Amino acid sequence: MAKAVLKVEDVRKEFVLGSHRQTVLKGVNIEVLSGEFVALAGPSGSGKSTLLNLIGCLDVPDGGSIEIDGVEVGRLSAKEQARIRREKIGFVFQNFNLLPVLTAAENVEYPLTLLKVSAAERKERVRKALDVVGLTEHMHKRPTEMSGGQQQRVAIARALVTEPTVILADEPTSHLDQENSEIVVRLMQRLSREEGVTFLFTTHDPGVMAEASRVIRLRDGLIDAGAASEAAAASAVDGN
Ligand SMILES: Nc1ncnc2c1ncn2[C@@H]1O[C@H](COP(=O)(O)OP(=O)(O)O)[C@@H](O)[C@H]1O
Ligand SMILES: [Mg+2]
């Protein structure tokens with residue numbers, strides 16, 4: 001039985017804009033097991049990015065708790081949050097967010113320079129991460145010399161290279177065409193199955209959701225339990 005690497009309990013978040021107060025998350029509960037490939041779905045504005053940002057220690061919840069690898073991260077100082085982000089979280093963004101002046105290899109190496117990893121080990125880990133995403137031949141190219149799909153695979157290698165507890169990906173395929181979207185999703189799925197990498201990613205795309213090992217749906221600030229039990233029933237029927 002895989003262990004839970006992420007536990008979100010009764011998480012609440014509201015935003016106040018002037019006199020308008022909007023409760024975006026009203027008590028969200030999620031558990032993700034090591035090696036799972038979980039899609040977070042829900043209509044636009046349902047709070048998917050807000051929830052990923054809380055889990056990724058980019059923001060703090062107004063209530064509830066978030067545990068990553070057994071560590072409560074919901075009430076940390078900004079400095080402690082930054083350490084958790086460096087050591088335990090990998091991020092993949094919609095628009096790739098590579099540094100344009102760096103090559104693919106330098107982009108992948110960057111998060112390792114923030115950790116205490118020797119130059120020799122950095123080189124070896126970068127080589128392995130680029131190999132696993134199939135970009136060894138492109139390691140000296142800059143982002144502008146690569147396609148969107150290749151850039152997103154560099155971003156995945158950069159997220160992987162620190163061996164984080166979980167990789168959070170916010171709409172990782174929404175700026176890609178159909179073919180590259182499939183390549184990127186299959187890559188993440190393979191990393192989950194073969195390397196035991198844990199992913200939580202948001203998506204609108206039913207084709208992408210279909211590849212997930214589990215789909216969690218957000219609606220009106222809560223996890224849609226009806227959809228969760230339908231999915232469980234469907235996978236029980238499938239026998240997986
Ligand atoms: N920093 C913020 N300040 C105010 N409102 C925000 C902020 N971030 C998100 N929201 C609001 O929270 C709601 C959920 O947004 P978001 O998490 O981006 O949804 P999704 O990713 O599901 O489309 C939206 O109504 C959005 O306007
Ligand atoms: Mg979003």
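A2 sits in the segment before β1 (4–17). Helices (H or I, at least four residues) and strands (E, at least two) are DSSP runs, numbered from the N terminus. This is a predicted model, in which local features need pLDDT of at least 70 and side-chain atom pairs count only at pLDDT 80 or more, while totals for chains, interfaces and linings use all residues. Residues are numbered from 1 along each chain as its sequence is written, chains are lettered from A and ligands numbered from 1 in the order in which they are written, and side-chain values use heavy atoms, with hydrogens and water left out.

A2 counts as partly exposed, at 37% relative accessibility. Buried means under 20% relative accessible area, exposed over 50%, and partly exposed in between (1.4 Å probe, protein chains only). A2 touches L33 and S34, leaving out residues up to four places away in sequence. Contact means heavy atoms within 4.5 Å. A2 and L33 are 31 residues apart in sequence, yet their C-alpha atoms are 5.8 Å apart in space.

**Ligand 1**

The residues around ligand 1 are F15, Q22, V24, P43, S44, G45, S46, G47, K48, S49 and T50. A residue belongs here if one of its heavy atoms lies within 4 Å of the ligand. By class, this shell has 3 nonpolar, 7 polar and 1 charged residues. Ala, Val, Leu, Ile, Met, Phe, Trp, Tyr, Cys and Pro count as nonpolar, Asp, Glu, Lys and Arg as charged, and the others, Gly among them, as polar.

β2 (20–33) and α1 (48–55) each supply at least two residues of the shell. The most comes from α1, with 3 residues.

| Residue | Atom on the protein side | Distance to an oxygen atom of ligand 1 |
|---|---|---|
| Q22 | N or O atom in the side chain | 2.9 Å |
| G47 | polar backbone atom | 3.0 Å |
| S49 | N or O atom in the side chain | 2.9 Å |

The protein covers 62% of the 560 Å² of accessible area that ligand 1 has on its own. Accessible areas come from the Shrake-Rupley method with a 1.4 Å probe.

**Aromatic pairs**

The structure holds 3 aromatic pairs. F37 and F201 form a tilted one, at 4.8 Å centre to centre with 35° between the planes. F37 lies in strand β3 (residues 37–41) and F201 in strand β8 (residues 199–202), so this pair ties together parts that are 164 residues apart in sequence. Both partners are buried: F37 has a relative accessible area of 2%, and F201 has 0%.

The ring centres of F91 and F93 are 5.8 Å apart and the planes meet at 15°, so that pair is stacked. F91 counts as buried at 18% relative accessibility, whereas F93 is partly exposed at 28%. Rings of Phe, Tyr and Trp (its six-membered ring) pair if their centres lie within 6.5 Å; planes under 30 degrees apart count as stacked, over 60 as edge-to-face and the rest as tilted. F37, F199 and F201 form one aromatic cluster.

**Helix α3 and N107**

Helix α3 spans residues 104–113 and holds N107. The buried residues of α3 are A104, A105, N107, V108, P111 and L112. An α-helix has 3.6 residues a turn, so residues three or four places apart point the same way. Cover for the buried residues of α3 includes α4 (119–132) and α5 (148–160).

N107 has a relative accessible area of 1%, so N107 is buried. Beyond residues up to four places away in sequence, N107 touches L98, L99, L102, P143, V154 and R158.

**Helix α6 and S181**

S181 lies in helix α6 (residues 178–195). S181 counts as buried, at 6% relative accessibility. Leaving aside neighbours within four places in sequence, S181 is in contact with T173, L176, D205 and V208. One of these, D205, is 24 residues from S181 in sequence and 9.8 Å away in space, C-alpha to C-alpha.

Note on methods
A polar contact is a pair of N or O atoms within 3.5 Å; within protein, one must be able to donate a hydrogen and the other to accept it, and residues adjacent in sequence count only if both atoms are side-chain atoms.
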